[in-house]
Amino acid sequence: MPSSLDELPACIRLETHATARDKAVAASDISPGSVVLEVPSMVVLLLSSSKGRRCDFCLCSSASEIRLAKCTGCASYWYCGSQCQTLHWGSHKKFCKRLASFMASVEFQCLEAHEQLDALLHTHLVAEISSNAPSDVRAKQLSTFMSLLPGPPHDSPPIACPMSVGVDVHQSLEVLFIRSQNNNFAIHSHLDTIAHGIFPLASRLFNHSCLPNAAARYVIRQGQSVRMEIVALREIKATEEICIPYVDPALIESRQQIFELTYGFSCTCPSCNFISTLGSIPPLPGSEAALAKLDNALQTFCFPSPDIDDHTLLVGCSLPDLPENLHRVLRESYLSRLTDAFSKSSHEGSYHVALNVGLTVLAVYILIYPENYPQIGMHLLEMAKTAWNAVIATEYDSTHKALAKTSLLKRARVYRNLANNILEVFGPEGDPAGPLEELAVLKKLLHEELLKSPQDDDQ
Ligand SMILES: [Zn+2]
Ligand SMILES: [Zn+2]
Ligand SMILES: [Zn+2]
């Protein structure tokens, strides 16, 4: 696995960039779903919500019948077995005994939650790199890490848990921390963030785009350190730049500020260029009736054909064609209102409401996310499950039963197939099982249902 620029895989070439330092371009055509780069982690840190639920070294989950054992030194690190504890001990021992008093200190307690997370990430970083005899991989990672551009200066000096006596850190802490803030990735399993991590070569190579042609996924295996894989989301032609998202492109109103404050650049991707031509995004209407009208207008724009068809559902609209009366759907609060309503109605069993709101969510997603973006696939899977639940519910509802069921089954199949196409490109990530397994189960259920109702033969 490569850790430095002189070990690049054959499909990537580094070229100079007009505004960023360099850009990674495809050296040859890359097909969708290909792993462009696989890199080892240098540092990982579990989020507090995953603490005690996952191994602090390999990040595997205790949900899969793995019993975690607590470190007796600090009583705040958990391991899936002695192998992970031993592998982690080389760095963990440098702060294990001092961690409890550091986390109880006023200076740590005064920090906001995200700053506490940074302080712990810094602690891991210092512990990982303070060695007089680093492994070959660690030495290459560190030199790649130190070659990264520093982010904007900190407001207050960053802190970390003191290391045990006799641990020499060869780099100044400020020089380290100013690079970790803008070069750490959210590690996710089934697209749920569980940890943060530093992967220096991926940071060195890939620039950001809000319409990326590649994305990161994580390999979590019991007893092994976490790896990152960069996957092509669509065909990338030779000489085309390979970009990944640094932040969720759905943060349309706030992302530009995040780029400037955290990363020190402004994004000039086609999506940001379009948003900048709007000046400000108009406010949302106040009344529920006006919002419902807006939802309908957006659906009509994105899904002009009244027939749901697997091939055309996702290709009906693009951001630059969005008419002026619909610009307000780009407000972040518009999407959060819809996703809240979708999860509430699908959990409450109001499946028809959920399917309608879910279609509006899908419309926003295909406007703001690029082709095959995994969030679109995950949402389509939720839509397919909702349509299937609605099919089951029609068993108890005799009014227009057959008709409703046929149309719901069709929707469930369309959404499942579309979800499958997208999530197969992104591939399996994180914990075992996950969305691809759910898609396979749903396929079987839908197939069995189809055999029961032979009049419905569109699939
Ligand atoms: Zn483990
Ligand atoms: Zn410990
Ligand atoms: Zn952008």
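In this predicted model, the side chains of Asp-295 and Arg-337 form a salt bridge, with an N to O distance of 3.1 Å. Elsewhere, Glu-7, Asp-136 and Lys-140 are joined into one network by salt bridges that share partners.

The structure holds 20 salt bridges. Among them is the contact between Glu-38 and Arg-227, whose side chains meet at 2.5 Å, N to O. Here too distant parts of the chain are linked: Glu-38 lies in strand 3 (residues 35–40) and Arg-227 in strand 11 (residues 227–232), 189 residues apart. Arg-227 has a relative accessible area of 19% and is buried; the cut-off for that class is under 20%, so Glu-38, at 24%, counts as partly exposed. A further salt bridge joins the side chains of Arg-234 and Glu-240 at 2.8 Å, N to O. In this case Arg-234 is partly exposed, at 25% relative accessibility, and Glu-240 is likewise partly exposed, at 23%.

Strand 8 (residues 192–198) runs antiparallel to strand 4 (residues 43–46), and 4 bridges join the two. Within this pairing, Leu-46 stands opposite Ala-195 of strand 8. Strand 8 is also joined to strand 7 (residues 185–189), again antiparallel, by 5 bridges. There His-196 of strand 8 is the bridge partner of Ala-186. Strands 7 and 8 form a hairpin with 2 residues between them, and His-190 in the turn has a positive phi of about 55°.

The next feature is the metal site. Cys-71, Cys-74 and Cys-96 through their SG atoms, together with His-92 through NE2, coordinate the zinc ion (ligand 2) at 2.0 to 2.4 Å. The angles among these 4 donor atoms are 100 to 119°, and the site is tetrahedral. Along the sequence, the donor residues follow the spacing C-x2-C-x17-H-x3-C. Because Cys-71 sits in the loop between strand 5 (69–70) and strand 6 (78–79) while His-92 belongs to helix 1 (residues 82–92), this pair ties together parts that are 21 residues apart in sequence. Both Cys-71 and His-92 are buried.

Aromatic side chains complete the account. There are 10 aromatic pairs. In one of them, the ring centres of Phe-259 and Phe-265 are 5.1 Å apart and the planes lie at 20°, so the pair is stacked. Phe-259 is buried, with a relative accessible area of 0%, but Phe-265 is partly exposed at 26%. Tyr-369 and Tyr-373 are also stacked, because their ring centres are 4.5 Å apart and their planes at 20°. Tyr-369 counts as buried at 5% relative accessibility, as does Tyr-373 at 6%. Phe-259 and Phe-265 belong, with Tyr-246 and Tyr-263, to one aromatic cluster. A charged side chain meets a ring as well: Lys-51 lies over the face of Tyr-77, at 3.5 Å from the ring centre.

Terms used:
Residues numbered from 1 in each chain as written. Chains lettered and ligands numbered in written order. Predicted model: local features only at pLDDT ≥ 70, side-chain atom pairs only at ≥ 80, totals over all residues. Heavy atoms only, no water. Donors = N, O, S within 2.8 Å, 3.2 Å for Na, K, Ca; no water. Tetrahedral: all angles 85-135°; square planar, octahedral: opposite > 155°, others 65-115°. Buried < 20%, exposed > 50% of the residue type's maximum accessible area, 1.4 Å probe, protein only. Phe/Tyr/Trp six-rings, centres within 6.5 Å; stacked < 30°, edge-to-face > 60°. Lys NZ or Arg CZ within 6 Å of the ring centre and 35° of its normal. Pairing = 2+ DSSP bridges. Salt bridge = Lys/Arg side-chain N within 4 Å of Asp/Glu carboxyl O.
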